[in-house]
Amino acid sequence: MIRLSLYITLAILLAVGAVWLAEHPGNLHITWQDWEIRLSMAVFSALALGYTLACWALFKLYRWFRTDNPLKSPKRLESRRQKGLREMDLGWSALAVEDTAAAIKHAKKAQSLLNGDRAPLRLLLAASPDKDRSDVIKALRQTPESRMLALVSEVKQARIENRLKDAQALLDEMLEISPKNPWIARQRFALLIDREQWADARASLTALAKTKLIEAQTQKHLTAVICYRQAVEADLAGQKTQARDLAKEALKQEPGFIPAAAFLVRHHLAHDDKSAARKLLENTWKIAPHPDLGQLFLELEPMENPSERFRRVQKFTQLNPNALHSRHLLAQTALAAQHWQEAKQALDPIIQNQTATRATYHLLAQLERQQRQDDAAAEVYLAKAGTAPADPIWQCQACHRPQATFAASCPDCGKFGKIEWGSQKAQRA
């Protein structure tokens, strides 16, 4: 309505102007060198109006030729765009049901319809096999908006092909683009672990903790695992002092870290420092009793008789008297010393608390055989052992695969710092 009013007003002004010129005709006289032009004002006004319209038409023509498709109408362009979007939808739908061939076909058709659009390239990247992605990744790298997607794909491909150095360079490039991104920071830490660059991994871990990307307790545990791994490598290289210091650093980060404690106890025993070994075993047993630590405690005095060993173990297990491994260790040494009553007293609280494991019932069966030579009673306990909960084991907390010994990285799933001692959990498929 407003536009119509403006048009009407403009028409009235033109009409008034034309009437005024008709009533005041006047003449325009232009002289230039030997040229002389005489025009009436009406003719001059018409020429000026025509010149203005011609300039406007030329400008519109110029803009029309500057478009991507000057010979195509906007309506046709919109039709092509809608067809391209439809092909994109069909492509993603095909990919959802793992029909990669159809997805690639629809992506290429969408690419021809959506000229210059990056969306078909993203679909091609998702649907194409790893070996055919290089051209797509190269195209996605050209614009800042899709560069990160290309880098992520390159990192994944480099890791698949075990080109860890190239993957790290790509992650460093990604950090320059997005220095606070948690995914990039975690991937870089994992890569440093895979490359066994322990010093850089510790620095990366500290940075993750400072930015609150991991919890403080997780940082301490992973740092302890790194220090333990460094200690093992230093020990194999003959750098005994450095190995000892690294094991101590691991225990400083996590005082109950059993592998580092056992490693350091063996180091003390190898250097005939029983006092340091005993003190370390006692301090660790208070926090994290473990069969390996119990065995090392027995090895402190290899020449003692069974009764002497039992009395020494009695004092040792009082540091953590209610722990399952304390009860089992005490019962084992009591059986070896033929202290039947003490062995029974060590195992009874476990039965009463309903925390008995297979090892508990095996010890009770052994007691029946050694004390009373009662095979029938022993068989009853062995039958209970078959249905009792399994004893604590080393197990990966990521894939839940049991492991015979501790390892910094899980041999099955490769996760770092996930193997822990505890009750057995069901394995993941």
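Biologist: What share of the contacts in the chain with a separation of 6 or more comes from residues 24 or more positions apart?

Modeller: Those pairs account for 46% of such contacts. Keep in mind that this is a predicted model.

Biologist: Thanks! How many helices and strands are there?

Modeller: There are 20 helices and five strands in the chain.

Biologist: And what is the radius of gyration of the chain?

Modeller: The chain has 42 Å, while a compact globule of 429 residues would come out near 22 Å. Along the principal axes, the C-alpha atoms fill a box of roughly 140 × 50 × 45 Å.

Biologist: How much of the chain is buried?

Modeller: Buried residues make up 36% of the 429. The accessible surface is about 26,600 Å², and carbon and sulfur atoms contribute 54% of that.

Biologist: What about charges: how many positive and negative side chains are there?

Modeller: The chain carries 59 positive and 46 negative side chains, with the centres of the two sets 5 Å apart.

Biologist: Let's switch to helix 7. What span should its residues give?

Modeller: Helix 7 covers residues 144-160, and its 17 residues at 1.5 Å each should span 24 Å. The end C-alpha atoms are 25 Å apart, so the two values agree.

Biologist: Which of its residues are buried?

Modeller: In helix 7 the buried residues are S146, A150, L151, V152, S153, V155, Q157 and A158. Their cover includes helix 5 (119-127), helix 6 (134-140), helix 8 (164-177) and helix 9 (182-194).

Biologist: What happens just after helix 7?

Modeller: N162 sits there with a positive phi of about 60°, although N162 is not a glycine. Most residues other than glycine have a negative phi. N162 belongs to the loop between helix 7 and helix 8.

Biologist: Is N162 buried or exposed, and why?

Modeller: N162 counts as exposed because its relative accessibility is 57%, and the cut-off for exposed is over 50%.

Biologist: Where is K212, and what is its phi?

Modeller: K212 lies in the loop between helix 10 (198-210) and helix 11 (216-236). Its phi is near 65°, a positive value in a residue other than glycine. K212 is exposed, with a relative accessible area of 74%.

Biologist: Last one: where is T9, and how far is T9 from L171?

Modeller: T9 is in helix 1 (residues 2-23) and counts as partly exposed, at 43% relative accessibility. T9 and L171 are 162 residues apart in sequence and 65 Å apart in space, C-alpha to C-alpha.

How values were computed:
Residues are numbered from 1 along each chain as its sequence is written. This is a predicted model: local features need pLDDT of at least 70, side-chain atom pairs count only at pLDDT 80 or more; totals for chains, interfaces and linings use all residues. Side-chain values use heavy atoms; hydrogens and water are left out. Helices (H or I, at least four residues) and strands (E, at least two) are DSSP runs, numbered from the N terminus. The radius of gyration is taken over C-alpha atoms; the globule rule is 2.2 Å times the number of residues to the power 0.38. Buried means under 20% relative accessible area, exposed over 50%, partly exposed in between (1.4 Å probe, protein chains only). Contact means heavy atoms within 4.5 Å. Accessible areas come from the Shrake-Rupley method with a 1.4 Å probe; for residues, only the protein chains shown count as cover. Lys and Arg count as positive and Asp and Glu as negative; His and the chain ends are not counted. The place of a charge is taken as NZ of Lys, CZ of Arg, CG of Asp or CD of Glu. The expected span of a helix is 1.5 Å times one less than its number of residues.
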